[in-house]
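Hi everyone, thanks for making time for this. Let me put the structure up, and then we can walk through it together.

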Amino acid sequence: MFKLQEGDKIGIITPSNFLDYQTPLDPELKASLAHNRGINPRDAADLAVEYLKSLGLQPILGEHVYDKFRHMGGTPQNRADDFNKFIRDPEIKAVFCSTGGAGAQYMLPYLDYENLRKNPKPIFGISDASTLQIAAQSLSGCHTTVSAWLTISNTAKSALRPTLT
C-alpha cells in the first residue's frame, strides 16, 4: 500500500468548485474553530494545509488553487495546468484535491496522460474528484485513493491519517 513519508511534497489542486464561497459547515469543524465562528471553504483549505504540515508533509499549492471561473476553481486549462505541473515534478509524491462539487470533467482534454503513465502518482479526493481519478486510472494506470477533500472535518482527517503517513 502506498504511504507518504515525512518530508514528502504533495501538490494541492482545485479540480472542481472554487474555494471562496460560503457553505454549511460540518458542525464538528465549526465547533473546533476559535469563537465557534463560521468559515468558508478557502479558510478550511488553509486549515487543512496546516494539518498536512503537522503530519510532516510539505503541501505545495497549485498556482490556480484559489482562482474562480464561473462555479469552478479556475478555467479548465488552468486547473489542468496545476495538475500537469505536479505530475511532471518528480519531487511531488501525490496530488490532493481541495474540493469536490462539479467541473472536473472539463479538465480531462487538457491532462497530460503520457506523463501520468511515466510518473504515476496517487490522487486523493472524493466526489467530483472521482472524475479526475477515473480518467487518470483508466488512461494511465495511475493509482488513486478515494478520500475526503482537504476541506474536511477533524474526524475525517483522523480517519485519513493512516493512509498518509
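Let's start with a pair in helix 4: Arg 117 and Glu 114 both lie there, three residues apart, about one turn of the helix. Helices here are DSSP runs of H or I with at least four residues, strands are E runs of at least two, and both are numbered from the N terminus. Before I go on, a word on the source: this is a predicted model, so local features need pLDDT of at least 70 and side-chain atom pairs count only at pLDDT 80 or more, while totals for chains, interfaces and linings use all residues. Residues are numbered from 1 along each chain as its sequence is written, and side-chain values use heavy atoms, with hydrogens and water left out.

Back to our pair. Arg 117 and Glu 114 form a salt bridge, with the closest N and O atoms 3.0 Å apart. By salt bridge I mean a side-chain nitrogen of Lys or Arg within 4 Å of a carboxyl oxygen of Asp or Glu. Arg 117 is partly exposed, at 41% relative accessible area, and Glu 114 is partly exposed too, at 40%. For these words, buried is under 20% relative accessible area, exposed is over 50%, and partly exposed is in between, with a 1.4 Å probe and protein chains only.

How many salt bridges does this rule give? The count comes to four. Another of them joins Glu 50 and Lys 53, at 3.6 Å from N to O. Those two both lie in helix 2, residues 41–54, again three residues apart. An α-helix has 3.6 residues a turn, so residues three or four places apart point the same way.

Now for a pair that links distant parts of the chain: Glu 91 is in the loop between helix 3 and strand 3, and Lys 9 is in strand 1, 82 residues apart. Their closest N and O atoms are 2.6 Å apart in a salt bridge. Glu 91 has a relative accessible area of 43%, and Lys 9 has 26%.

What does Leu 111 touch? Leaving out residues up to four places away in sequence, Leu 111 touches Ala 80, Phe 83, Asn 84 and Leu 132, where contact means heavy atoms within 4.5 Å.

In helix 5, the buried residues are Ala 129, Leu 132, Gln 133, Ala 135, Ala 136 and Ser 140. They cover an arc of only 165° around the axis, taken from the directions to the C-beta atoms, which puts them on the same side of helix 5. The face turned away from that buried side carries the exposed residues Ile 134 and Ser 138. Just after helix 5, Gly 141 takes a positive phi of about 80°.
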